[in-house]
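Here is a short note to read beside the model. Keep the structure open and follow the points in order.

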Amino acid sequence: MRDDRRTDDHVYPAIPLMEPTFDQLVDWRSFEGFVHDLYAVDPNLTVEHDVIEEGASGARRQIDVKFTHEVSGHTYVTLVECKRWKVKVDRRRIDELAASIDDLGASKGVMFTTVGFETGAEAYARHKGIDLFLVRDLTDEEWGLPGRKI
């Protein structure tokens with residue numbers, strides 16, 4: 001059984017529904033699609049993938065996933081970066097996301113990775129209010145336990 005998805009004019013490789021393991025996300029575009037779909041299930045969010053916008057500085061900024069929601073007449077924008085790399089995300093990447101948040105006037109930033117974050121990146125993200133998420137398969141011992149925020 002396959003679940004092919006077409007979103008924002010992109011077709012993401014289907015992930016078999018019978019054996020959903022993270023290893024099936026073999027490339028960065030599939031990882032971005034996976035993260036997009038995590039947010040897209042919320043009917044209160046407008047979720048976009050691979051967005052390019054011009055910031056207040058005039059710089060063009062590419063965002064992997066952007067979601068917007070409105071509450072009591074206020075609009076909140078969250079920028080999400082997805083890093084499916086072989087090395088841990090460093091502080092420089094957090095700084096780039098922080099600059100995009102500022103330049104685009106976003107409310108929040110979030111970064112997902114499959115490997116982890118360097119210690120300096122974690123500390124800087126906390127300082128900037130950027131949420132960090134590590135996506136990986138669970139071990140047998142972890143099944144049923146609550147997740148944790150980095």
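1. Start with the naming. Helices (H or I, at least four residues) and strands (E, at least two) are DSSP runs, numbered from the N terminus. D131 lies in strand β7. Residues are numbered from 1 along each chain as its sequence is written. This is a predicted model, where local features need pLDDT of at least 70, side-chain atom pairs count only at pLDDT 80 or more, and totals for chains, interfaces and linings use all residues, while side-chain values use heavy atoms, with hydrogens and water left out.

2. Now the sheet. Two strands pair if DSSP finds at least two bridges between them. Five strands make an open sheet, ordered β3-β4-β5-β6-β7, with mixed pairing. Its edge strands are β3 (46-54) and β7 (131-134), and each of these pairs on one side only. From one strand to the next, the twist averages 30°.

3. Strand β6 (residues 108-113) pairs with β7 in the parallel sense, over four bridges. T113 has L134 of β7 as its bridge partner. D131 and M111 are 20 residues apart along the chain, and their C-alpha atoms are separated by 6.3 Å. Is D131 buried or exposed? D131 counts as buried, because its relative accessibility is 17% (buried means under 20% relative accessible area, exposed over 50%, partly exposed in between, with a 1.4 Å probe and protein chains only).

4. Next, a helix on the sheet. Helix α1 (residues 28-40) lies across β3, β4 (60-71), β5 (74-83) and β6. Its direction is about 120° to β3. Axes are lines fitted to C-alpha atoms, for helices over the stretch in contact, and angles run from 0 to 180 degrees between N-to-C directions.

5. Then the helix pair. Helix α2 (residues 91-104) packs with helix α3 (residues 119-128) at about 20°, their axes 8 Å apart. The two are therefore roughly parallel (angles under 35 degrees; over 145 is roughly antiparallel, 65 to 115 roughly perpendicular, the rest oblique). Which residues make the contact? On α2 they are R91, I94, D95 and A98; on α3 they are G120, A121, Y124, A125 and K128. Contact means heavy atoms within 4.5 Å.

6. S100 is buried, because its relative accessible area is 9%. Leaving aside neighbours within four places in sequence, S100 is in contact with R61, I63 and L79.
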